[in-house]
Amino acid sequence: MSLLSELLNLDLSDTKKIIAEYIWIGGSGMDIRSKGRTLPGPVSDPSKLPKWNYDGSSTNQAAGDDSEVILYPQAIFKDPFRKGNNILVMCDAYTPKGDPIPTNNRHKAVKIFDHPDVKKEEPWFGIEQEYTLLKKDVKWPLGWPLGGFPGPQGPYYCAVGADKAFGRDIVDAHYKACLYAGLNIGGANGEVMPGQWEFQISPSVGIGPGDQLWVARYILERITEICGVIVSFDPKPIEGDWNGAAAHTNFSTNSMRKEGGLDLIKKAIGKLEVKHRQHIAAYGEGNERRLTGKHETADINVFSWGVADRGASVRVGRDTEKEGKGYFEDRRPSSNMDPYLVTSMIAETTILG
């Protein structure tokens, strides 16, 4: 194993070549895929990277008799696994003719974020990604008795101690790896259900939070792979009296961040209420199992909002109410949502109407 570790940690700087790990989203909408490519030297501009291709028939994104799908590099991050000048490259997918494939939600989102009215408002999104760590062979939460249950919820949220916090080494490794990669990660904490954790992508503009969340998910998948643990983004991994997992999405515009912004926030929430069903349909698979009106959720069929109310569809913070400006939190998106779809939909509904 020591020789393997030495090989894994080889310094490639003398070769002047780098490895670019191309990352994309597979046909299920949550299966993250990647493959490495050698480049002659460091690259910092995604437009300078070569396009690449993959077998779309193996990801349920193309037919076997016409399986080539083209990867377009879109964003570059430092590679925390290979280090040096090596990079992670977030890509989206197109046909050989240059048309976005049907599952390319990034392309659709860019069209909305490039709209002049949206660009003028500088939409900020902060995303709270919850997830559950599972034992690999039995797919049961980390720290739970095999085939049994821990004590009721209460002691585990933001907890410390071997009997309350399960998987902190993974969480801390992920936190630092994201910072190394250049992601705008704002923090991490233990969640209400034991074995469940959260990290946050701090407020970023437009398409950026979507790219960053996908790369953060990729890094988390890689770290849990190394540890022999499964990361689940299922919105309700354990049925019963246990909290589900969400991806609460915080949002503000330039106008909302100025004096009088609270009135605009209320108008935006009214627009979200009108399109509640359309948003719910796009906010993640299996979300009906989480949005029951219990465990800090609103009922999936009823739109509501309130100040400091974590049982509402949309929450306005006390500081926003006090200052008369700021942001709101859409609590409906599930942990397995596509951030490209959710962020662009919120911007389209509230800004473009």
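**Arg 289 and its partner**

I started with Arg 289, which has a relative accessible area of 30% and so counts as partly exposed. This is a predicted model, so I am reading computed values throughout. Which residue does Arg 289 bridge to? I found Asp 234, with the closest N and O atoms 3.1 Å apart. The two are 55 residues apart, so I noted this as a link between distant parts of the chain. Arg 289 sits in the loop between helix 7 (276–282) and strand 11 (305–307), and Asp 234 in the loop between strand 9 (229–232) and strand 10 (247–252). Asp 234 is at 26% relative accessibility, so I put it down as partly exposed too.

**Other salt bridges**

How many salt bridges does the structure hold? My count from the search is 13. I looked up a few of them.

Asp 172 pairs with Lys 176, and here the closest N and O atoms are 3.6 Å apart. I checked where they sit: both are in helix 4 (residues 168–181), 4 residues apart, about one turn of the helix. Is Lys 176 buried or exposed? At 56% relative accessibility, Lys 176 counts as exposed, while Asp 172, at 36%, counts as partly exposed.

Asp 31 comes out at 19% relative accessibility, and buried means under 20%, so Asp 31 is filed as buried. Arg 33 has 29% and counts as partly exposed.

I also noted a network of salt bridges that links Glu 21, Asp 79 and Arg 82.

**Aromatic rings**

I searched the whole structure for aromatic pairs and got 12. One of them is Trp 24 with Tyr 54, a stacked pair with 4.4 Å centre to centre and 25° between the planes. This pair also links distant parts of the chain: Trp 24 is in strand 1 (residues 18–25) and Tyr 54 in strand 3 (residues 52–55), 30 residues apart. Both Trp 24 and Tyr 54 are buried.

What is the geometry of Trp 140 and Trp 144? Their ring centres are 5.5 Å apart with the planes at 85°, and planes over 60 degrees apart count as edge-to-face, so that is how I logged the pair. I looked up burial here as well, and Trp 140 and Trp 144 are both buried.

Then I followed the ring pairs through the phenylalanines. They join Phe 113, Phe 125, Phe 251 and Phe 328 into a cluster.

**Charges over rings**

Which ring does the charged end of Arg 37 sit over? I found it over the ring of Trp 52, 5.2 Å from the ring centre. I wrote down Arg 217 as well, which lies over the face of Trp 214 at 4.7 Å from the ring centre.

**Positive phi**

For Asn 60, phi is near 60°. Asn 60 is in the loop between strand 3 and strand 4 (68–78), and I have it as exposed, with a relative accessible area of 71%.

Cys 158 is not a glycine either, yet its phi is positive at about 55°. I located Cys 158 in the loop between strand 6 (124–135) and helix 4. Its relative accessibility is 42%, so Cys 158 counts as partly exposed.

**A nonpolar patch**

I looked over the surface for nonpolar side chains. Leu 3, Leu 7, Leu 10 and Leu 12 form a patch there, with about 380 Å² of accessible area together. Leu 7 belongs to helix 1 (residues 2–8).

**Annotated domains**

Last, I checked the record. UniProt, in an unreviewed entry, gives "domain: GS beta-grasp" at residues 18–98. I looked at what that span contains in the model: 0% helix and 48% strand, with the end C-alpha atoms 27 Å apart.

UniProt also lists "domain: GS catalytic", again from an unreviewed entry, at residues 105–353. Residues 105–353 come out as 36% helix and 19% strand, and the end C-alpha atoms lie 20 Å apart.

Terms used:
Residues numbered from 1 in each chain as written. Predicted model: local features only at pLDDT ≥ 70, side-chain atom pairs only at ≥ 80, totals over all residues. Heavy atoms only, no water. UniProt positions renumbered as here; feature names shortened; annotations may be inferred. Phe/Tyr/Trp six-rings, centres within 6.5 Å; stacked < 30°, edge-to-face > 60°. Buried < 20%, exposed > 50% of the residue type's maximum accessible area, 1.4 Å probe, protein only. Lys NZ or Arg CZ within 6 Å of the ring centre and 35° of its normal. Patch = residues over 30% accessible without salt bridge, like charges linked within 9 Å, V, L, I, M, F, W, Y side chains within 5 Å. Areas by Shrake-Rupley, 256 points an atom, 1.4 Å probe, with all protein chains shown as cover. Salt bridge = Lys/Arg side-chain N within 4 Å of Asp/Glu carboxyl O.
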